[in-house]
Amino acid sequence: MPVYARPRVAVLATGAELQPVEAPLAPGCIRDSNSAMVAALIEQCGGQPILLGRLEDEPAAVSAALADAMRHADVIVTTGGVSVGDYDVMAAIMRGIGEDRSEAHANKPLFDKVSMRPGSPTSAAVMNGKLLFALSGNPGACFVGFELFVRPALQRLQGVEAEASLPVQVTAKLAADFDKGSPHERFVRTRLYVDGGVLHADPLAFGKSSMMASIPDADGLIRIPAGASGAASGTLVEVILLNNRLL
Ligand SMILES: Nc1nc2c(c(=O)[nH]1)N[C@H]1C(S)=C(S)[C@@H](COP(=O)(O)OP(=O)(O)OC[C@H]3O[C@@H](n4cnc5c(N)ncnc54)[C@H](O)[C@@H]3O)O[C@H]1N2
Ligand code: MOO
């Protein structure tokens with residue numbers, strides 16, 4: 001019987017404002033909820049999380065931590081600092097990863113930002129031969145980036161075939177109007193239920209990118225296609241199942 005080692009996944013949160021979850025809150029600070037969330041998601045899909053803690057937005061310190069992580073981990077996941085701000089250290093590091101043909105696939109940018117919300121700054125590269133995912137700092141965006149990109153990669157590393165590693169999608173009837181503010185494709189946390197033999201998707205409250213509260217209640221992510229408007233109640237929509245709930 002073929003067996004695979006559990007992928008070791010290093011998790012590094014960047015941001016000078018971050019405090020450990022147990023620390024009392026101070027003005028201008030925020031608790032590092034992403035590290036615990038990402039660690040739980042890694043375990044859920046068979047990986048072994050290695051928590052590397054929090055780093056301030058210091059390029060040299062973050063680069064050194066990544067180089068160290070590459071020695072212990074198969075995959076590295078960072079959160080935060082990947083957008084367009086002056087202190088977005090991961091964005092600069094990801095942009096600096098050029099294709100290096102001297103060693104096969106040692107360094108290679110994979111994608112730099114994604115046309116989706118939440119999680120448009122999500123980026124990925126191969127660095128020193130290891131997969132590196134730079135997820136957004138906003139917890140909702142971090143979650144979507146993990147589900148769409150990190151989970152399939154961890155499944156592939158555990159021998160799951162390419163197609164089977166992709167998120168499972170179902171069709172459901174939208175139970176409420178959904179408006180969106182940007183033309184990007186949108187992923188909306190939703191509850192799923194069956195009524196009259198028909199699967200319905202009811203978007204959850206507290207679903208903003210900065211909010212975590214609805215993540216544990218989400219059965220799926222509704223895909224609202226790219227375009228100017230949202231979708232009206234009663235429309236048939238595609239829904240990605242989370243952790244294969246319903247199956
Ligand atoms: N000029 C523009 N600015 C921004 C844009 C844009 O298109 N143009 N996009 C915005 C969007 S959308 C997102 S999403 C954010 C993403 O920025 P980052 O991924 O670099 O994330 P941060 O700025 O570091 O953090 C965002 C937010 O999340 C909090 N955070 C960060 N890390 C954690 C953590 N480990 N646990 C909990 N919360 C965390 C952080 O304090 C911020 O509040 O960029 C926009 N800007
Ligand atoms: O892409 Mo940001 O993720 O809308 O919150």
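On a 1 Å grid over the protein atoms alone, a pocket is an open set of points where a 1.4 Å probe fits, with protein on both sides within 12 Å along at least five of seven lines. A volume is the space filled by probe spheres set on the points.

This is a predicted model, in which local features need pLDDT of at least 70 and side-chain atom pairs count only at pLDDT 80 or more. Residues are numbered from 1 along each chain as its sequence is written, and side-chain values use heavy atoms.

The largest pocket has a volume of about 340 Å³. It is lined by 21 residues, and Glu17, Leu18, Ile30, Gly137 and Pro139 are the closest to its centre. Lining residues have an atom within 4 Å of a point. By class, the lining has six nonpolar, 10 polar and five charged residues.

Ligand 2 is next. Around it are Arg117, Pro118, Gly119, Ser120, Asn138, Ala141 and Ser209, where near means a heavy atom within 4 Å. The table gives polar contacts, pairs of N or O atoms within 3.5 Å.

| Side chain | Distance to an oxygen atom of ligand 2 |
|---|---|
| Arg117 | 3.2 Å |
| Ser120 | 3.1 Å |
| Asn138 | 3.5 Å |

Asn107 is a separate site. Its relative accessible area is 17%, so Asn107 counts as buried (under 20%, with a 1.4 Å probe and protein chains only). The Asn107 side chain reaches the backbone nitrogen of Asn128 at 3.1 Å. Beyond neighbours within four places in sequence, the contacts of Asn107 include Ile97, Asp100 and Met127, with heavy atoms within 4.5 Å.

Technical notes
Chains lettered and ligands numbered in written order. Polar contact = N/O pair within 3.5 Å; in protein donor to acceptor, adjacent residues only side chain to side chain. Nonpolar A, V, L, I, M, F, W, Y, C, P; charged D, E, K, R; others polar. Buried < 20%, exposed > 50% of the residue type's maximum accessible area, 1.4 Å probe, protein only.
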